Amino acid sequence: MDTDLAQLEHADTAHAIEIAPRVWWVGHLSRDGGIGTHVYLVEQGEQSVLLDPGSRCGFADTLRRIEEVIPFASIRYFVCHHPGPDVAAAMPVIDEMASRPDALLVTHGHTHALLSHYGLKLSQRRVEDHDWRLPLEDREFQFILTPYAPSSGSIASFDPGSGLLFSGALFGALTEGATLIARDESFSEALQIFHAQQMPSRDILDLALSRCERHPIKAIAPHQGPLIPERLVPSAIEALRHLGCGIDLLSGAPTDTRRLSRLNERLREITQTLLDHGATESARQDAYQRSIRDPLTGLFTRPYMQDVMERHCSVHDRNQAAQVAAVMIDVDYLQWVNDTHGRAAGDAVLRQVAQILRDRIRNTDIPVRFGGAGLILFLVGASAFGAMDYAERIRAAVEHHPFETPAGHQLSVTASLGVAIRHPHEPLEELIRRADQALCQAKQGGRNRVELA
């Protein structure tokens, strides 16, 4: 696929447009220069997919474009990334039209609970019940949980074959004039204004961005605003990182959001300048708390862990089905690697263990650099019930991985793991302590094993 999307700049938006192999834009751009709403069709024969069907008033145009490519009856899956009316208001129309008994509404369970108020007859497929994946004819969609961005069950979809991220509300933009493709970095301000209004908080937006960044994105297809080609993906992510959100809360009256957004950005720049030029130690500590990634492993930092996991624990206290588990992981004999092959070799081993971890977790899980040779993985929701199986798969993957050092040596490395399942109302510190205690039992039992607290 041409990830620069330059060929789409002068495409005729009165008709369906192929934006990647077998992926079609079937949405519409406002004639009065307002927000474009994008609907996407993934042509897969009788297993075709429609993503974010859009508003009821615009669906007649979308249906006409769909049928330029395939009969409507060929669509089996209707994906809604979140329950907003700009995404899902056409679902009652679709519900009446969809005659095939195997047609499915594909959403997160929280979104389906809201869409159920439409009285839809379509059967549902909850992404969390199917390993966050949707196998298709020539590709497999991967779903990414982006909670509260902008609703509790919000998701994005990644197509590894084309490298397209179908991002729903994320990466939307308010632009002047209807345009299908972002041409340069000047659209970043429109991107920021949209998210400053739509996203509840900076932490929520940063979490959603970090989960999307785990995937090799070649282009972004949002529901509103221009599509983002590969060359602009890094600048789009950077424009949103640590963005001040919930800007409408700054005033109870109608506001000039563009002016407020610029003011908010200016305040952020002033704060950063103060930090850079030696502000108080407490301000430096606050800046440190905002750093969510460990530079060596790419895993989350302990301050970020504390903030996010306290929230997951609060949810678990209210709903015991929202289980939480902790898996403490320690690389066996890492000090020997450091002493024998040098600290660079030890760092390389730790980076590779972290990559093994990232490759085997779900989007909802939280991997953390806990300190030294220690990592901790928090499993939340459905995955927590299989914590021991997760831990054993990680242990086996480490044992069989050919570790490479910077000097070209190949090492055999093992890891010991301790698992603890959280009790209702158990403090996070106690959960971690029990996982660490199980890890000690694994090491005392001979290492390269998993123990349950």
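This is a predicted model: local features need pLDDT of at least 70, side-chain atom pairs count only at pLDDT 80 or more; totals for chains, interfaces and linings use all residues.

Analyst: Residues are numbered from 1 along each chain as its sequence is written, and side-chain values use heavy atoms, with hydrogens and water left out.

User: What is the mean pLDDT of the protein chain, and where does pLDDT stay under 50?

Analyst: On pLDDT, the predictor's confidence in each residue from 0 to 100, the mean of the protein chain is 86, and 86% of its residues reach 70 or more. Over residues 250–255, however, pLDDT stays under 50, and the model has three contacts (heavy atoms within 4.5 Å) for them beyond four places in sequence.

User: Why are strand 18 and strand 19 said to pair?

Analyst: Two strands pair if DSSP finds at least two bridges between them, and strands here are DSSP runs of E with at least two residues, as helices are runs of H or I with at least four, numbered from the N terminus. Strand 18 (residues 415–421) and strand 19 have three bridges in the parallel sense, so they are called paired. Within this pairing, Val-419 stands opposite Leu-452 of strand 19.

User: What makes strand 14 and strand 19 edge strands?

Analyst: The open sheet has five strands in the order 14-15-13-18-19, with mixed pairing, and strand 14 (366–371) and strand 19 (450–452) each pair on one side only.

User: Which residues lie nearest the centre of the largest pocket, and why is it called a pocket?

Analyst: On a 1 Å grid over the protein atoms alone, a cavity is a set of points where a 1.4 Å probe fits but cannot get out, whereas a pocket is an open set with protein on both sides within 12 Å along at least five of seven lines, and lining residues have an atom within 4 Å of a point. The largest pocket is lined by 30 residues, of which His-110, Leu-145, Pro-147, His-312 and Val-315 lie nearest its centre. Helix 10 gives the most to this lining, with six residues.

User: Which element gives the most to the lining of the second largest pocket?

Analyst: Helix 12 does, with three residues, in a lining of 19 residues that has His-215, Arg-358, Asp-359, Ile-361 and Asn-363 nearest the centre of the second largest pocket.
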